[in-house]
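Me: I would like to go through this model with you. Could we begin with its interior?

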Amino acid sequence: MISDKVYLDYAASTPVDSRVIDAMLPYFDQHFGNPSSTHFYGQKAEAAIENARETIARALNCNPYEVVFTSCGSESDNLALRGAAWASRQERGADHILISPVEHHAVSHTAQQLADLFEFELEYLPIDEFGMVRPDTVAELLRPSTAIVSVIHANNEIGTLNPIAEIGTVCQEKGVPFHSDSVQGAAHLPVDVQELNVDLLAIGAHKFYGPKGVGALYVREDIKLQPSQTGGSQELGRRAGTQNTPYIVGMGEAFRLVQAEHNQRHDQALAMRIRIIGHVLEEIPDVVLTGHPSERLSNHASFAFKDVDGNNLLMLLDVEGFACSSGSACKTGNPEPSGVLTALGLSPDWGLGSLRVTVGKDTTPLEVDKFLEVLPLAIEKVRKINHR
Ligand SMILES: Cc1ncc(COP(=O)(O)O)c(C=O)c1O
């Protein structure tokens with residue numbers, strides 16, 4: 001890390017763990033073969049991929065052949081939605097898609113495209129004031145013609161956790177495939193797919209100290225999936241393309257580490273998150289916590305400040321040496337509050353002043369203290385600029 005900067009944006013990405021880099025390195029030059037080749041070089045690469053698949057399957061409590069490697073969390077979401085929607089239509093004429101209004105764009109834009117170009121009917125589940133989906137509302141809106149239901153495990157913008165296991169039970173009872181985007185969740189929570197009752201679950205390595213550009217999708221054995229990327233028969237025909245051996249090895253090792261070190265990382269992050277939320281709500285006027293106060297990611301604090309331009313705030317914090325993020329959609333021009341904050345019912349004078357602070361395994365309490373010293377002054381300054 002750069003020593004005079006404080007990184008508080010671990011929900012955006014994490015540094016690659018040095019143990020992960022060590023595991024990856026031999027697969028760039030020594031064991032570089034194409035995993036589909038029959039010779040020694042191919043066998044070495046294939047063995048490494050299958051080893052990573054087994055590690056991930058063990059952590060997810062599923063069979064290795066139920067893990068499909070992809071190029072990122074977004075691709076996993078795309079494959080889940082498009083693959084299951086197309087297969088459900090082909091199998092039983094299902095044409096209804098049910099998602100929450102607080103999904104990551106990787107889910108929401110894919111669902112919208114299925115509606116716009118493929119004539120699926122897209123319906124949104126209601127949420128409460130914390131952005132949480134209630135299982136009984138899923139039961140009410142499910143239809144025999146529902147092709148796929150998708151509900152985010154842990155929200156990237158507001159940190160709220162959804163009752164995935166209960167929603168999964170509702171879907172299972174009706175025989176409708178259920179997908180959960182766990183790109184944030186898997187970085188902080190145990191993700192046993194049997195306990196979560198999911199049919200499809202997306203993860204992405206760069207949220208848990210693995211490399212960017214690699215992800216995985218859990219696909220329950222009996223779930224039919226049409227590939228959205230066609231070509232070779234890699235990944236049992238579910239995702240064509242030569243696998244990225246070093247990155248897959250890296251994801252396997254990173255996922256093993258995040259599960260093994262879960263308790264320690266969780267407790268450390270939680271103490272800092274509690275301190276951040278408590279301090280901000282106490283010290284700064286006209287602020288609300290966005291997302292659930294307790295049912296939220298252990299490392300995630302998110303706020304909306306009234307009459308604050310979120311982008312100005314981020315720039316000011318950056319100048320002061322703090323890297324955070326905002327929920328507002330644009331960096332320039334005419335900004336609008338994010339879809340997630342709008343779905344929560346925040347008006348623009350609050351929604352444009354969003355701030356997300358996410359700590360990681362390398363964050364220290366001292367860094368948090370420094371940040372909490374600077375933030376109230378930064379808010380004051382930005383409010384003054386706003387009123388000019
Ligand atoms: C909840 C969620 N889903 C999907 C994604 C996309 O993952 P990737 O960056 O690996 O494409 C992200 C990334 O921020 C995310 O937070």
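Me: Which residues touch the most other members of the largest nonpolar core?

Reply: The largest nonpolar core has 116 residues, and those touching the most other members are Ala-84, Ala-85, Ile-97, Leu-200, Leu-217, Tyr-218 and Met-251. A nonpolar core here is a set of buried Ala, Val, Leu, Ile, Met, Phe, Trp, Tyr and Cys residues joined through C-beta atoms within 7 Å. This core draws at least three residues from each of domain 1 (18–260) and domain 2 (262–387); the domain bounds come from an automatic or database domain assignment.

Me: Before we go on, what kind of model is this, and how are residues numbered?

Reply: It is a predicted model, in which local features need pLDDT of at least 70, side-chain atom pairs count only at pLDDT 80 or more, and totals for chains, interfaces and linings use all residues. Residues are numbered from 1 along each chain as its sequence is written.

Me: What does Tyr-218 touch?

Reply: Leaving out residues up to four places away in sequence, Tyr-218 touches Leu-60, Cys-62, Glu-66, Val-67, Val-193, Leu-200 and Leu-201. Contact means that the C-beta atoms of two residues, placed from the backbone, lie within 7 Å.

Me: How much of the protein is buried?

Reply: Buried residues account for 52% of the 388 residues. The classes rest on other C-beta atoms, placed from the backbone, within 10 Å of a residue's own: 20 or more is buried, 12 or fewer is exposed, and in between is partly exposed.

Me: And the secondary structure, how many helices and strands?

Reply: There are 14 helices and 12 strands, taken as DSSP runs (helices H or I, at least four residues; strands E, at least two) and numbered from the N terminus. The radius of gyration is 21 Å, close to the 21 Å that the globule rule gives for 388 residues, so the protein is as compact as a globular protein of that length. That radius is taken over C-alpha atoms, and the globule rule is 2.2 Å times the number of residues to the power 0.38.

Me: How far apart are the centres of the two domains?

Reply: The centres of domain 1 and domain 2, taken over C-alpha atoms, are separated by 28 Å. Across the boundary, 19 residues of domain 1 are in contact with 18 residues of domain 2. The side of domain 1 that touches domain 2 has 10 nonpolar, seven polar and two charged residues. In this scheme Ala, Val, Leu, Ile, Met, Phe, Trp, Tyr, Cys and Pro count as nonpolar, Asp, Glu, Lys and Arg as charged, and the others, Gly among them, as polar.

Me: Now the ligand. Which residues come nearest?

Reply: Of the 14 residues around the ligand, Cys-72, Gly-73, Ser-74, Asn-156 and Gly-204 come nearest, where a residue is near if its C-beta atom, placed from the backbone, lies within 6 Å. Helix 4 (residues 73–92) supplies the largest share of the shell, three residues. By class, the shell has four nonpolar, eight polar and two charged residues.

Me: Is Arg-273 buried or exposed?

Reply: Arg-273, in helix 10 (residues 262–283), is buried because 22 other C-beta atoms lie within 10 Å. Apart from residues up to four places away in sequence, Arg-273 touches Ser-298, Asn-299, His-300, Ala-301 and Val-359. The C-alpha atoms of Arg-273 and Ala-301 are 6.1 Å apart, although 28 residues separate the two along the chain.
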